[in-house]
Structures are given as structure tokens and as C-alpha cells.
Amino acid sequence: MAKSDVKLIGAWASPFVMRPRIALNIKSVEYEFLEEILGSKSQLLLESNPVHKKIPVLIHGGKPICESLVIVEYIDEVWSPGPAILPSDPHDRALARFWAAYLDEKWFPAMRNIVTAKDEEARKALMDQVGEGLVLLEGAFSKCSKGKGFFGGDQIGYLDIAFGSFLGWLRALEKMNGVKLMDETKTPGLLKWADSFSSHPAVKDVFPETEKLVEFAKVLAKFKATLPK
Amino acid sequence: MGEVQALQNTMGEVKVIGSSKSLFCTRVEWALKLKGVEYEYLEEDLLNKSTLLLQHNPVHKKVPVLVHNNKPVAESLVILEYIDETWKHNSLLPEDPHERAMARFWAKFADEKCLMGAFMAFWKEGEEKEKAIESALESFTFLEKQIQGKKFFSGDDNIGYFDLVMGWIPLWLNVMEEVGGMKLDDPQKFPSLHEWAQNFNEIPLIKDCLPPRDALVNYFNFTVNYNRSMAEAKQ
């Protein structure tokens, strides 16, 4: 399919944007990446996602699809044959979707709120929450990977993408706060998985560098300070 | 082998751990009934959770949990997709990938903005309540557009995934409006949505799974009083 038929509206630092990028890479689909600029939303974005006005948005043959995990499932369904992103067994699929929902609804909000925590006590409470979540995810990894290297088994899959897209920011947060949230004692499996994931061919070109995210966090904080309350 | 026998052989052992007042649990029952799948319903006392529930949903400790051949599936939307993928006849989700993506997108929106919006409008008081109502009404406007010109969200003939996801509106929202003192499902503001709600609730298998209205009113009154007394105890 011609490259111009597949467009992705996004931004390099967004973990949610990373998800469809990895999915498209897995399927070897070429696409045009339309980078949004912090502080202004393009006309195309506002037209393609009038409900949320958020990235990512996949535009395929002129039709927009929104919400990162909805996009990933769409990519998996449209470009098949191609390596499968979701597992084939319905129970394994349910498990992957369950954990992705946990990540987006519980784990990531706690992690994101660390940055804006009102005091040290609140920050510590959130970091504990993130740490506890990682222990749960370590258990999920054992269960889903069945002894292989990824949540998806031999190959990266839906849950690898859903979780792995947060790794860059997790590392940036560890650096900014001088803590280790993923470590050898509590989450040895995840630590190893994180390395494999970030160096995977479908991932490494879109995986943001920790240093760049740390710098971007400062820019983001300044920008947010200028917004009306 | 007859179709019914073949279906029953593939069903395996299906249990639903749920609470009859929970709209999330009713969604699951509706889906199973649409597929003709027989199941055992295990009613949970949410103030005194069973070992079985805690075992099968240790992460959230919530209902519903579908247990199929002893393997649990939690989270109502995840369960709906599992049911659709395991019992493939009478599809809940559309065939076309773009339409499937739309159904999933709207389901997420409806749960996050409309359902949670309704709960916020129900729980909050004073100025916060007004704001919550306004916000929920904005979200409902999107849904009104989606249903315009259609009998059901999934088309004109049969209900599907998104109708089930929205299925809380005819009864649960109605009760929340009464107990919570707010109006969201306004037939003047949202005529198409209102009509959809009437049509949806008339479907026999939908009606069969609904809890009695009085029981639901009592339940919501109870939760309001319970939470108020917990809040007072803290002060």
C-alpha cells in the first residue's frame, strides 16, 4: 500500500504514539509521520479527533482511528497476514487486554502524577504504588511469557507494546527522582524484558532516549505553567 | 449432531461471579444470553467478598468475573470481547476492522465520559454537581449524534457490542437520576438516544436480566447513605 495511504499524527515523546508506531513496524507498514508541536494542535488533528483532540490518530485511506490500543488492534486486524500482535487464544487475548487496561487506568496515572505530586509524602505514596504495580506486572510477565522473552512469547505482542511504551518515561522518572523502581530483587524478569524490548528492531528507532525525555520534562513543566488554570 | 447439542458441548463450564445490581455484570449476562450460552450465576455480597472472587480477581477484587473452564476473565469490556471470540455465532462486534475500531472507541468514550460522568453527577453536591452534570451532558451529545437515524447503535436489526455497553442508560441512569437529583437522559435534548433506550429495554432478553427497579432504588439510596455515614465518621 502506498505510504501516503497510512498517516500517523503524533509526537516523539508520547508513549501512546509509540504504540501504533511499533505495531506498524511489526507489520512492516510504511507510513507518514505527522509530528504535532507542543502548544498547538494542527487542523488535521482537530478534524480527525474532534472528540478528544488528542494524539495518536491513525489515518488509513482517509479514515481516522483514535485511541492508541484501539489503533493497535485495528493494525493487527487490517494487516494480517503479518506477525500477529494479539495472541490467538481467546483467554490469552483477554489476559493481555486486562493488563493493558490496568496499565492505562491504574498504573500509568500513578506514574504520571509523581511529577506533579504536591509534596514529598504524596510523591513517595505514588512511587510506592508504581512499585507495587510493577510487582504485579512481574507476575503477569511470568504468566504471559510462559518462559519466553516477551509477554507475547517469542515475539513482542500487544502487552509488550502497551507496557513497553511507558519504559522511556519510567527510566526518565527514575533518573529525575534518583530511585530505582524496576530492580533485580523485585522485578528481575521485567528488567531483562525491558532491555530486550527497547533493543527490538521494531522498537529501537521509536524508543525515546532517557536524557531527551528528562530535558523534555522540563520543557513540558514550563509549558504547563503558562496554561490558564 | 444437532446445533444445540454441538453448542452445549463447546460451552464448557461457564460461571459468572457478579452482583445483580451491577450494570457491569448485567452486560456480561446479556452477552451470554445473546450467544445462547448457559451459565451459573454466583451472586456476590460486595460488602463481604468471597474467597472465589478474591482468588479469581486478585488485582481489582471486583465483579464481574467470567470463569470459563476454571479460567477467569475480568473487566466487563474484556469479558464481552472474550465471549464474542469464544462463541463466534451472533457476533457482537462488526466484521469490518474500521467499524470494530469505531465500536471500541465509542465504548471507551461512553464508559469514561458518559458513565463516569453520570456517576460524578450522582455523587457530587452543590457547584461540583452542576459542573459534573454539564460535563456529562456534553458527552451525551456525542452519543446522540451516533444514534441518529439508527434504531440500534449496531444497525437497524440487531443489538450488538455498543448497545450492550450503553445498556445501563434505560434503567440504571433513570434510577441514578431519581436518587441523585439530576437529569441527563432528557428526551428534548437527546430524542434519538431516548428512543433508543425505549427500544433497547423492550427486548425480552434484555428485560429478563434487569434487576427490579425498587431493588435498584434501594441499592443506590443505601450507597448514598453508607458513603455519607463513612464521610461523617471521618470528620
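Trainee: Where in chain B does UniProt place the feature "domain: GST C-terminal"?
Mentor: That label comes from an unreviewed UniProt entry. Its positions follow the numbering used here, the feature names are shortened, and annotations may be inferred rather than shown by experiment. In chain B, the record puts the feature at residues 96-220.

Trainee: What pLDDT do local features need here?
Mentor: Residues count from 1 along each chain as its sequence is written, while chains are lettered from A and ligands numbered from 1 in the order in which they are written. Side-chain values use heavy atoms, leaving out hydrogens and water, and since this is a predicted model, totals for chains, interfaces and linings use all residues, side-chain atom pairs count only at pLDDT 80 or more, and local features need pLDDT of at least 70.

Trainee: Back to residues 96-220 of chain B: how much of the span is helix?
Mentor: Helices here are DSSP runs (H or I, at least four residues), strands are too (E, at least two), and both are numbered from the N terminus. The span has 0% strand, and its end C-alpha atoms lie 39 Å apart. The helix share is 74%.

Trainee: And how much of residues 89-216 of chain A is helix?
Mentor: UniProt's unreviewed entry gives that stretch of chain A the "domain: GST C-terminal" label. Strand makes up 0%, the end C-alpha atoms are 40 Å apart, and helix comes to 69%.

Trainee: How much area is buried between chain A and chain B?
Mentor: Buried area is the accessible area (1.4 Å probe) that two parts lose on being put together, summed over both. Carbon and sulfur atoms give 68% of it here, and the total is about 2200 Å².

Trainee: How many salt bridges cross the interface of chain A and chain B?
Mentor: Look for a side-chain nitrogen of Lys or Arg within 4 Å of a carboxyl oxygen of Asp or Glu. A:E73 and B:R104 make such a pair, with their closest N and O atoms 3.3 Å apart. Across the whole interface, the rule finds seven.

Trainee: Which helix of chain A gives the most to the side that touches chain B?
Mentor: Strand 4 (63-66), helix 3 (68-78) and helix 4 (90-115) each supply at least two residues to that side of chain A. With 10 residues, the top contributor is helix 4.

Trainee: How many residues of helix 3 of chain A are buried?
Mentor: Buried means under 20% relative accessible area (1.4 Å probe, protein chains only). A:E73 is among the buried ones, and helix 5 (97-123) of chain B is part of what covers them. Of the 11 residues in helix 3 of chain A, the buried number is nine.

Note on methods
Buried < 20%, exposed > 50% of the residue type's maximum accessible area, 1.4 Å probe, protein only. Contact = heavy atoms within 4.5 Å.
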